[in-house]
Amino acid sequence: MNQKVLKTIEYTKIIAMLKEEADSSLGKEIAEALLPSSEPEEVRKSLLETEDAENRIRLKGPLSFRGMTDIRLYFPRIRLGAALSIAELLHVEKLLEFAEKARDFAGETEDSLSVYFQALSPLEEVRREFQRAIESEERLSDDASKELSEIRRKEKGIEGKISDELNRTLNDKRSMLQEGVITLRNGRHVFPVKAEYKNAFHGIVHDESSTGATLFMEPLSIVQLENSLTELLSLERREVEKILLALSLLLQPEISALQENVECIAHLDFVFAKAKLGKKMEGIRPTVLEEKKVSLLDARHPLIPRDKVVPISIHIGEGFRLLVITGPNTGGKTVCLKTLGLLQLMGQAGLLIPAFQGSSITVFREIFADIGDEQSIEQSLSTFSSHMTNTVKILAEADADSLCLFDELGAGTDPTEGAALALGILHDLFQRRVTTVATTHYAEIKLYALSEEGVENAACEFDVESLRPTYRLLIGVPGKSNAFAIAKKLGLSDAIIEDARGRIGEEDLHFEDLIADLEDTRRLAEREKLEIEQYKEEVERLKARARESTKGIEKGKDKILNRAREEAARILAEAKETADEIIKEIKKKENGGFGSLEAEQLRTKLRKKLEENQSALGAQTVKGPSQTISLKNLALGDKVRLLNMHGVVGTVTELPDKSGMFTVSAGILRTKVSAKEVEFIQHKEKEAPTRNQGKTAGLGRAKAMGISPEINLIGKMTADALPELNKYLDDAFLAKLPQVRIVHGRGTGALRKMVHECAKKNKHIESFRLGEYGEGSDGVTIVYFKK
């Protein structure tokens, strides 16, 4: 990839941001050298690693390598068998500690980063030996060796004796001293003795003051003790050197493992830096296509603040490979170019791009850009000459495996000649099948895009009323300059504007009017499209609701039937009990001498009650008999199941008549039925109705019929929305809905955050995600229930 485009499109600023995210000098080194790849498989692998690192950060938090030192400089000395210093050995031990921490962080997760975690070798035995022997960057532990421990024990004993003798001398000779202090000269303990007491002090002179009034003298009583201490210190230094060499030699056979540790940790630090940067940008992993097609959905320029950037959607390669963007100045044309170029470079470098899910990129061998003021003062070139020099280089190197970006192609010279040159350049690139995006004001290029198959117009929308750009990119519509409308809005007189209109050719005016008509048509089409999308969404919701309701009914079918049988048995028992009570009352009244009128009234009441129960039973239906009955073999007392009463068992009390109808009694009920309405039972035992079934199925069926697959929380406060959401999710789970759609909108993000936290805590939810393009984007969350 040419270096010029990296600076022009501000890729270098992204790399600077990436470098800041790396913890170690190793990771920063790789980040600084990161360049876009032109190998599709390498790009896919790199993007996958970045996404997997982001997933690990989301689930486990970041993996830090802060404080790690690059130990590669030590490798030549380790190979030669030379001793490393205490600090250098401590750096190696720190690296091994990072390797162990990284392996613990990896856990059992299997993804594209697993191979790097598994390749790490903490060298636990070596690390334990280092931890035992090294106390700090300047000192070995007393337990590093028996000899060192013994030497330091003797040193402490002598140092104690020296201290006691110095304190005694200080107290006895205080009058001879300039000050009551003990200092060091040439590594020996001395006192500041007054010059006149030189002979009375009894010591060795090591130094004197500049005036000669003070002599720094070592008492004779500690000379031998300090000589012994000096010898012990010399022995200690030799023992330390011996231990350091032994520790360094432990690393010699592990040099390959150390090298691999350095490489894996450096790569992991780099990948996690990419993931952290992607997380800050709210980036996604784009699909990498083999075809030369790019589609960016709601793409955001990563260097523009989140609260100010306006997302754009841009695509090229599907139906056209040359895109001409037109529109007024400051309308966002250059930002469109830079966003497309920068996100393409980032994707090819394995970085997540700030766009919506479903975005895709391809892999270009080269990306060329002529954007901004390329004027060169050193070469004394005009703006036009500078741009043309750059364009000539691009034309010489570009091919079908390149992406070319031109800002205001042909500007800076006579408009007629500039337009002709721009047309010639674009047509040449188009003929050579070079993917190209160019911005322009020239009407000739707009006409070219309208008339040439494979070339498309696009416009940066501009609101004439507010005199502000909307920064929306509209592909398929040529942009209008709006110069007259803007001038009029700013107060230019109508006379001047009309005079200017008169100086424009009729064809040009007609073309501008045509563009205005197209713009009006587009807006109307957008409104109609929005309405159609809303209708489609409503239809899909209704279809989904119907599907889920059907699923719920099918799943609960058997349980519902069992419940119906139980209910039929209950109704029958209730009917029998009512009938028995009324019969007893009739007999009682008859025995008591009451008239036939009262008895008839009770019989009427009985019939009415039986008819109600018969109606309730008859309302239930079941499937046809599984075992047909033969009228010839039918005998009195046979047991049959009444299908129209949902499985009630009865006894044959009258054989079939000429029409095939026979009488069956069930308790006090007697009814005439045909062979089609009963199922023959071989055994005469009554079938006990299944109890305690159907309640759950009934509840699930009721929920499935009434629950909506979507809830809208827009406009609600989080405190009010949370209990409503919890109840809805419980109802949806009971209704056996596989998934639901929660509409929370974008807004401040508070509702979305609340929804996601609620989904994480709900034990019935398996997973959730933001809506995709066409589902409501990040204003919607899709929730999947456990099966």
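**The largest pocket**

Reply: The lining of the largest pocket comprises eight nonpolar, eight polar and 16 charged residues; Ala, Val, Leu, Ile, Met, Phe, Trp, Tyr, Cys and Pro count as nonpolar, Asp, Glu, Lys and Arg as charged, and the others, Gly among them, as polar. This is a predicted model, in which local features need pLDDT of at least 70, side-chain atom pairs count only at pLDDT 80 or more, and totals for chains, interfaces and linings use all residues. Residues are numbered from 1 along each chain as its sequence is written, and side-chain values use heavy atoms, without hydrogens and water.

Me: Which elements each supply at least two residues of that lining?

Reply: Helices (H or I, at least four residues) and strands (E, at least two) are DSSP runs, numbered from the N terminus. Here α4 (40-60), α24 (750-761) and β22 (765-770) each supply at least two lining residues.

Me: Is Thr326 buried or exposed?

Reply: Buried means under 20% relative accessible area, exposed over 50%, and partly exposed in between (1.4 Å probe, protein chains only). Thr326 counts as buried because its relative accessibility is 0%. Thr326 belongs to strand β8 (residues 322-326), and its C-alpha atom is separated by 8.6 Å from that of Ala438, 112 residues apart along the chain.

Me: With which residues is Ser674 in contact, leaving aside its neighbours within four places in sequence?

Reply: Contact means heavy atoms within 4.5 Å. On that basis, and with those neighbours set aside, Ser674 touches Gly660, Met661 and Phe662. Ser674 itself sits in the loop between β18 (669-673) and β19 (678-681).
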